[in-house]
Amino acid sequence: QVQLVESGGGLVQAGGSLRLSCAASGSIFSINLMGWYRQTPGKQRDLVATITSGGSTNYADSVKGRFTISRDNAKNTVYLQMNSLKPEDTAVYYCNLRSRWLEGYDYWGQGTQVTVSS
């Protein structure tokens, strides 16, 4: 089993910054993909950014140039630095850990609320 604990959400004014953290513990498989997704009420959960264990990143078009994903493999922690925040970034942000090498190895955190006021 894997546990993911997110932190760093909160309320910020438009144009401000927040940094999310997600610490993984338990049975961590070293070759994995960690990422952040977000969801607003009544809508599907959407990709924000992902990062492989080797450091390759992928971003949603809506956050490119504003958000930066990074990870510390020694701490099994992934970060999301969010700058130039917009009201449309308001959502619950979820951390995810998965590996295509292990069937069913797909875990989610409990979510952290990010609210951007205009």
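Author: Start with a term. Buried means under 20% relative accessible area, exposed means over 50%, and partly exposed lies in between (1.4 Å probe, protein chains only). At 8% relative accessibility, T77 therefore counts as buried.

A word on the source. This is a predicted model, where local features need pLDDT of at least 70, side-chain atom pairs count only at pLDDT 80 or more, and totals for chains, interfaces and linings use all residues. Residues are numbered from 1 along each chain as its sequence is written, and side-chain values use heavy atoms, with hydrogens and water left out.

Now place the residue. T77 sits in strand β8, which covers residues 77–82. Strands are DSSP runs (E, at least two residues) and helices are DSSP runs too (H or I, at least four), numbered from the N terminus.

Next, its partners. The side chain of T77 reaches the backbone oxygen of K75 at 2.9 Å. Contact means heavy atoms within 4.5 Å. Setting aside neighbours within four places in sequence, T77 is in contact with C22, A23, S70, R71 and D72.

Step back to the chain. The protein chain has zero helices and eleven strands. Its radius of gyration is 14 Å, close to the 13 Å that the globule rule gives for 118 residues, so the chain is as compact as a globular protein of that length. That radius is taken over C-alpha atoms, and the rule is 2.2 Å times the number of residues to the power 0.38. Buried residues make up 41% of the 118 residues. T77 is one of the buried residues.

Methods: Polar contact = N/O pair within 3.5 Å; in protein donor to acceptor, adjacent residues only side chain to side chain.
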